[in-house]
Amino acid sequence: MGSHRRIVVLTGAGISAESGVATFRGPDGLWEGHRVEDVATPEAFARNPALVQAFYDARRARLAEVAPNAAHLALGRLDAAWPGELLIVTQNVDDLHERGGARRLLHMHGELKSAWCTACGTRHRWEGPLRHNPPCPACGAQRLRPDIVWFGEMPYAMDRILHALGQCDLFIAIGTSGQVYPAAGFVETAREVGAHTVELNLDRSAMSNRFHERRLGPAGTLVPALVEELLA
Ligand code: NAD
Ligand code: ZN
């Protein structure tokens, strides 16, 4: 492990599960009791903005009740100590990586703690609710939406992510089901440039057989162990 210099880490909802944040596809196929199509698409927001805002308001408020777990903290240690290139790409919209010390971090699917004005286009750090349609701090319009990349929308920072993947020699995917593209394709991009690829997941995922190496178990145990190996 220690011979690698340029690392890309991809994380998904599974890394936050042990912090008490629900993953996306539970056994019942629902996310916190909602069908994905009802809360995580632009069409859903156009149809029923109050429902969608209330859903994300609840997720945002929940962040105050959860804390980073051993996996987030281990990636924070890696970020602080790793002398080579590192990019942590998360599909998560929670703030647990930041609170775990990660700095070289990209939120490709947006952030709960950001609001995006659809009138003037500016983004604002946002802690409170949006369902009462508060005015945009920049332009005053009451058209703030969650700064979340919904299904059918373009993920953020794809140019930076593809650049890092195109140069990496180690790609690590943690707690992601491999069902949401383009993230599910990152393992192929990394393999094409000859990177070693490792998957950490509680169970086998849809992409498991594309990785050189698989480690099965909870992220809170597997990630600290992997970080120890890398920093040894
Ligand atoms: P997913 O819910 O589809 O898959 C979660 C994966 O994590 C599964 O493969 C599961 O086996 C694994 N897992 C569950 N518990 C684990 C543990 N303790 N340790 C290791 N692995 C564990 O998640 P996804 O692949 O990230 O895709 C879901 C989409 O939903 C993302 O686009 C994301 O934006 C969004 N989402 C984000 C959050 C969050 O911010 N925390 C939560 C739910 C959904
Ligand atoms: Zn505005």
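**Cavities, a pocket and a ligand shell**

The lining of the second largest cavity has nine nonpolar, no polar and no charged residues. In this sorting, Ala, Val, Leu, Ile, Met, Phe, Trp, Tyr, Cys and Pro go down as nonpolar, Asp, Glu, Lys and Arg as charged, and the others, Gly among them, as polar. The model is a predicted one, with local features needing pLDDT of at least 70, side-chain atom pairs counting only at pLDDT 80 or more, and totals for chains, interfaces and linings using all residues. Residues are numbered from 1 along each chain as its sequence is written, chains are lettered from A and ligands numbered from 1 in the order in which they are written, and side-chain values use heavy atoms, with hydrogens and water left out.

Back to that cavity. Its lining is made up of Val9, Leu75, Leu78, Ile172, Ile174, Val223, Leu226, Val227 and Leu230. Two or more of these residues come from each of helix H5 (70-81), strand S7 (170-174) and helix H9 (219-231), and H9 gives the most, with four. Helices here are DSSP runs of H or I with at least four residues, strands are runs of E with at least two, and both are numbered from the N terminus. The space in the second largest cavity comes to about 30 Å³.

Rolling a probe the size of a water molecule over the atoms shows where empty space is left. On a 1 Å grid over the protein atoms alone, a cavity is a set of points where a 1.4 Å probe fits but cannot get out, while a pocket is an open set with protein on both sides within 12 Å along at least five of seven lines; lining residues have an atom within 4 Å of a point. Grid points are joined across faces, edges and corners, and a volume is the space filled by probe spheres set on the points. Counted this way, there are two cavities of 30 Å³ or more. The largest cavity holds about 90 Å³. It is lined by 15 residues, of which Leu10, Thr176, Gly178, Ala184 and Met207 are the closest to its centre. That lining splits into nine nonpolar, five polar and one charged.

Now for a pocket. The second largest pocket has a volume of about 210 Å³, and among its lining residues are Arg6, Glu85, Arg104, Arg160, His163 and Cys168. Strand S1 (6-11), strand S2 (85-90) and helix H7 (158-167) each put in at least two lining residues, with H7 giving the most, four. By class, this lining has six nonpolar, two polar and four charged residues.

Ligand 1 has 26 residues around it, and Phe24, Gln91, Val93, His109 and Asn201 come nearest; a residue is near if one of its heavy atoms lies within 4 Å. Helix H1 (residues 14-17) gives the most to this shell, with three residues. The shell has eleven nonpolar, twelve polar and three charged residues. As for backbone N or O atoms, one of Gln91 sits 2.5 Å from a ligand 1 oxygen atom, and one of Ala219 sits 2.8 Å from a ligand 1 nitrogen atom. The protein covers 91% of the 850 Å² of accessible area that ligand 1 has on its own, by the Shrake-Rupley method with a 1.4 Å probe.

How values were computed: A polar contact is a pair of N or O atoms within 3.5 Å; within protein, one must be able to donate a hydrogen and the other to accept it, and residues adjacent in sequence count only if both atoms are side-chain atoms.
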